[in-house]
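Student: I'd like to go through this structure with you and test each label against its definition. Shall we start once it is on the screen?

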Amino acid sequence: MGQPIAVTRKPSNDPSVARFEINRTLTGMGHERYDAGAEIVGDRPPDELARRLFAKGGVRRIHIYSNMISLDLEPDADADGYEDVIRDLYIHYKPGVEPSYSA
């Protein structure tokens, strides 16, 4: 259940920065910044995406503005695989996962 997000990796002049454009806005006109190790307290989509990107590893900082996502990567990290994390933000049930029901 849910709809995948269309993700396009955009070029960056700095190999330690990965940039992605998506087909929907996550922040409206607001800028959201997240640092590795800092608590993420919100429940909004950009907050959850930041948690998931940090959980994948290799990310020092995240900046999200509207439909653009920028990742400052760790020195030895590459940008591969982050598209999948972003694409699956709104996918709630994956193959092999049993839906939970509440009464």
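Student: Why is serine 66 called buried?

Tutor: Buried means under 20% relative accessible area, exposed over 50%, and partly exposed in between, with a 1.4 Å probe and protein chains only. Serine 66 has a relative accessible area of 17%, so it counts as buried. Before we go on: this is a predicted model, where local features need pLDDT of at least 70, side-chain atom pairs count only at pLDDT 80 or more, and totals for chains, interfaces and linings use all residues. Residues are numbered from 1 along each chain as its sequence is written, and side-chain values use heavy atoms, with hydrogens and water left out.

Student: Where is serine 66 found, and what is its phi?

Tutor: Serine 66 lies in the loop between strand 4 and strand 5. Its phi is positive, about 60 degrees, although the residue is not a glycine. Helices (H or I, at least four residues) and strands (E, at least two) are DSSP runs, numbered from the N terminus. By that count the protein has two helices and five strands, in the order β-β-β-α-β-β-α along the sequence.

Student: How do you know that the buried residues of helix 1 line one face?

Tutor: The buried residues there are Pro46, Asp47, Leu49, Ala50, Leu53 and Phe54. Seen down the helix axis, they fall within an arc of 160 degrees, taken from the directions from the axis to the C-beta atoms, so they line one face of helix 1. Their cover includes strand 3 (31–35), strand 4, strand 5 and helix 2.

Student: What makes a set of residues a nonpolar core, and which members touch the most others in the largest one?

Tutor: A nonpolar core is a set of buried Ala, Val, Leu, Ile, Met, Phe, Trp, Tyr and Cys residues joined through side-chain atoms within 4.5 Å. The largest has 23 residues, and Phe20, Leu49, Leu53, Ile62, Ile69, Leu71 and Ile86 touch the most other members. Helix 1 gives the largest share, four residues.

Student: Why is glutamate 83 called buried, and what is it in contact with?

Tutor: Its relative accessible area is 16%, so glutamate 83 falls under the buried limit. This residue of helix 2 is in contact (heavy atoms within 4.5 Å) with Val7, Arg9 and Phe20, leaving aside neighbours within four places in sequence.

Student: And why does leucine 89 count as buried?

Tutor: Leucine 89 has 5% relative accessibility, so the label applies again. It sits in the segment after helix 2 and, beyond neighbours within four places, is in contact with Ile5, Leu26, Pro45, Glu48, Leu49 and Arg52. Its C-alpha is 8.7 Å from that of glutamine 3, 86 residues apart along the chain.

Student: How do you know that the charged end of lysine 56 sits over the ring of tyrosine 82?

Tutor: The rule asks for NZ of Lys or CZ of Arg within 6 Å of the ring centre and within 35 degrees of the ring normal. The charged end of lysine 56 is 4.6 Å from the centre of that ring and is listed as sitting over it.
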